[in-house]
Amino acid sequence: MSSFPQWLAPCLQQVQALKANRGLSHALLIKGADGVGQESLASEIVCDLMCESDQGAACGECHSCKLMKADSHPDFRVLDGEAGTIKVDQVRLLTRQISQKPQVGQNKVVFIPHAQAMNLNAANAVLKALEEPADGTYFVLTSSQSTSLLPTIRSRCLLINVPMPTMVEVAQWLDQQADGQALSSLFWLTTQPYRLLAIQQQQKVALYAELPGKLNAMLHGSISLNELLKGLDSKNIDDYCHGLEAILHQSICHSTGAKLDEALLPIYGTLMTRLGIQNLLLRYQSLQKLKSDLQKTNLNPIMQLTHELNQW
């Protein structure tokens with residue numbers, strides 16, 4: 001289980017102080033870059049709000065805290081947009097469910113992670129609920145694209161900005177996780193801590209960690225293209241494209257003077273020798289187009305990526 005990140009602590013303490021002083025808004029919008037921990041912060045805030053004590057942080061001892069720990073609190077509702085579009089019927093059902101008095105404690109909480117997934121009708125239904133909240137009802141929304149939300153929703157929420165953690169903070173936090181060093185070796189791919197944690201949970205660390213070395217070996221003729229793409233299928237084609245895109249992007253940035261992760265030093269030299277900066281830019285653009293096309297068409301993903309790599 002991951003420990004609570006240091007860079008989220010000031011935001012949490014701010015909300016806890018407002019709650020303890022009875023000055024907390026009934027609606028909160030937690031926003032920040034994707035993968036920095038909005039949902040983790042929101043989960044802590046939700047537990048604090050459901051607690052029956054008057055203190056800012058959850059006591060962990062009351063009946064509501066125990067029900068939250070067991071994931072069975074009847075006054076806590078979740079409408080997650082990560083899986084797909086949030087539709088108006090889902091919001092209407094939710095608002096009917098929370099229209100009654102709390103069954104256990106004093107508060108009810110509606111948690112809407114990835115709120116940017118609401119369609120217009122759903123957003124208007126949420127707006128109405130925010131304007132006419134039932135007593136003791138809190139709404140906690142998270143978004144990595146908060147500007148896509150209705151301005152009227154944003155204006156009715158207490159905005160909580162999650163800061164971007166430093167590389168040192170991310171590395172220290174990863175050290176507390178299982179296989180943290182393996183995740184730190186993927187900083188060339190991303191430094192977003194929760195994206196790295198998701199890669200670990202999806203058991204894709206080896207896929208990404210081996211990609212630069214295998215690509216370098218393929219370009220030197222040590223292995224075949226088929227060996228590089230062994231295990232590729234329609235379910236992980238995005239992972240291969242993301243990894244290759246990151247390698248090209250980091251190489252292009254390094255050619256202009258940016259620091260390059262040690263893991264990419266060998267493949268950078270090979271790419272510059274074979275392609276040069278102009279062709280590197282072309283291949284990067286071509287890879288981005290391939291990713292976009294794969295989302296819109298029924299192209300054979302393996303054939304398309306094979307065709308792309310044959311031009312490297």
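His114 lies in the loop that runs between strand 3 (108–112) and helix 5 (120–131). In this predicted model, the phi angle of His114 is near 55 degrees, a positive value in a residue that is not glycine. Most residues other than glycine have a negative phi. Is His114 buried or exposed? His114 has a relative accessible area of 15%, and because the limit for a buried residue is under 20%, His114 counts as buried.

Arg22 also has a positive phi, of about 60 degrees, although Arg22 is not a glycine. The relative accessible area of Arg22 is 69%. Arg22 is therefore exposed, as the limit for that class is over 50%.

## The chain as a whole

The chain has 312 residues, of which 45% are buried. Its secondary structure consists of 15 helices and 5 strands. Taken along the principal axes, the C-alpha atoms fill a box of roughly 70 × 40 × 35 Å.

How do the contacts relate to the order of the sequence? Among contacts between residues at least 6 apart in sequence, 72% join residues that are at least 24 apart.

## The nonpolar cores

The largest nonpolar core contains 67 residues. Those with the most contacts inside this core are Leu41, Ile45, Val140, Leu215, Leu271, Leu305 and Leu309. Which helix gives the most to this core? Helix 12 (residues 237–255) does, with 8 residues.

Leaving aside residues up to four places away in sequence, Ile45 touches Leu12, Val15, Leu28, Ile30 and Ile160. There is also a second, separate core of 26 residues. Ile112, Ala123, Leu130 and Phe139 are included in the second core.

Ile247 is found in helix 12. Its relative accessibility is 0%, so Ile247 counts as buried. Apart from residues up to four places away in sequence, Ile247 touches Trp188, Leu211, Pro212, Leu215, Leu264, Ile267 and Leu271. Two of these partners, Leu215 and Leu271, are listed among the residues with the most contacts inside the largest core. Ile247 and Asn226 are 21 residues apart along the chain, and their C-alpha atoms are separated by 19 Å.

Asn236 has its place in the loop between helix 11 (225–228) and helix 12. Asn236 is buried, with a relative accessible area of 12%. Which backbone atoms does the side chain of Asn236 approach? A polar atom of this side chain lies 2.9 Å from the backbone oxygen of Gly231. A polar atom of the side chain also lies 2.8 Å from the backbone nitrogen of Asp233. Not counting residues up to four places away in sequence, Asn236 touches Leu207 and Gly231.

## Helix 7 against helix 9

Two packed helices are described by the angle between their axes and the distance between the axes. The axes of helix 7 (residues 167–175) and helix 9 come within 10 Å and cross at roughly 30 degrees. The crossing of these two helices is right-handed.

Which residues meet where helix 7 and helix 9 come together? From helix 7, Val170, Trp173 and Leu174 take part, and they meet Pro193, Tyr194, Leu196 and Leu197 in helix 9. Sorted by class, this contact has 7 nonpolar residues, with no polar and no charged ones.

Phe187 is found in the loop between helix 8 (180–184) and helix 9. With a relative accessible area of 14%, Phe187 is buried. Not counting residues up to four places away in sequence, Phe187 touches Met167, Val170, Ala171, Leu174, Leu196 and Asp261. Val170, Leu174 and Leu196 also belong to the contact of helix 7 with helix 9. Phe187 and Val36 are 151 residues apart in sequence, and 14 Å apart in space from C-alpha to C-alpha.

Gln200 has its place in helix 9 (residues 193–201). Its side chain reaches the backbone oxygen of Ala178 at 2.3 Å. Where residues up to four places away in sequence are not counted, Gln200 touches Ala178, Asp179, Leu183 and Val205.

Methods: Residues numbered from 1 in each chain as written. Predicted model: local features only at pLDDT ≥ 70, side-chain atom pairs only at ≥ 80, totals over all residues. Heavy atoms only, no water. Core = buried A, V, L, I, M, F, W, Y, C linked by side-chain atoms within 4.5 Å. Buried < 20%, exposed > 50% of the residue type's maximum accessible area, 1.4 Å probe, protein only. Helix = DSSP H or I, 4+ residues; strand = E, 2+ residues; numbered from the N terminus. Contact = heavy atoms within 4.5 Å. Polar contact = N/O pair within 3.5 Å; in protein donor to acceptor, adjacent residues only side chain to side chain. Axes fitted to C-alpha atoms, helices over the stretch in contact; angles between N-to-C directions. Left-handed = near helix turned anticlockwise from the far one by under 90°. Nonpolar A, V, L, I, M, F, W, Y, C, P; charged D, E, K, R; others polar.
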